[in-house]
Amino acid sequence: MTITITAFERSPDGGKGLARDTRLRWALEETGQPYEVRLVSFRAMKEPAHLRLHPFGQIPTYEEGDLVLFETGAIVFHIASRHPGLLPDDPDARARAVMWMFAALNTVEPPVLELFPARVLDAGKPWAKERLPLVEERIRSRLGPLATRLGDADWLDGAFSAGDLMMASVLLRLRASGLLDEFPKLAAYVARAEARPAYQRAFAAQLAINAL
Ligand code: GTB
């Protein structure tokens, strides 16, 4: 059955791979699943045809026959559950890989998402100068323990998994800020993830659409 995902007609990041369709592309590449991409404009995202797929009018979405999904975490979990390559067979190891997916999305990503508003959108506000260091500290308070847990391992729990795919995708958003480089083990972890051929293919595919 054909898999179709949606992506920005033109990502605001100009091809840095930070929009969430890259996470789906990466999961599909890791599991060897061919896919098609339907590009949507910001306007089309808020129109009824797209809202039927995504109630909040966002990308990415995932269609496979009658199945329609939104939410990147749910979609990556679906891909990883259906196809070998991203979740271990051992039930306990599988549960831990899923735990790391949730940790990435629920514990690490929320403070990371605060950084762009703090640095850019709210930069002119009178309280911006006081807020930014607080946001950065909240991010460091996640990165420190994460780096400690990773230690000298290549991946978070044995072999590369959907947990690593999600965690590396979240951490990638920090690269431009310099915060990631404060934690060399995490910077090396992200570089290892980016070096995977499946990530390279996913990145190249989104770049082909979004390059400025
Ligand atoms: N929780 C949802 C999920 O994980 O799927 C969040 C989906 C989401 O935030 N989608 C964004 C979107 O559609 C695109 S990915 N935004 C348009 C809207 O809400 O109207 C977030 C994103 C956008 C742009 C960059 N960038 O340019 O760097 C990075 C990430």
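Residues are numbered from 1 along each chain as its sequence is written. In this predicted model, local features need pLDDT of at least 70, side-chain atom pairs count only at pLDDT 80 or more, and totals for chains, interfaces and linings use all residues, while side-chain values use heavy atoms, with hydrogens and water left out.

Me: How many residues surround the ligand, and which are the closest?
Reply: A residue is near a molecule if one of its heavy atoms lies within 4 Å of it. The shell comprises 8 nonpolar, 2 polar and 5 charged residues; Asp, Glu, Lys and Arg count as charged, Ala, Val, Leu, Ile, Met, Phe, Trp, Tyr, Cys and Pro as nonpolar, and the others, Gly among them, as polar. The ligand is surrounded by 15 residues, the closest being K46, Q58, I59, E71 and T72.

Me: How far apart do the C-alpha centres of domain 1 and domain 2 lie?
Reply: Domain 1 covers 3-86 + 198-210 and domain 2 covers 91-196, with bounds from an automatic or database domain assignment. The separation of their C-alpha centres is 21 Å.
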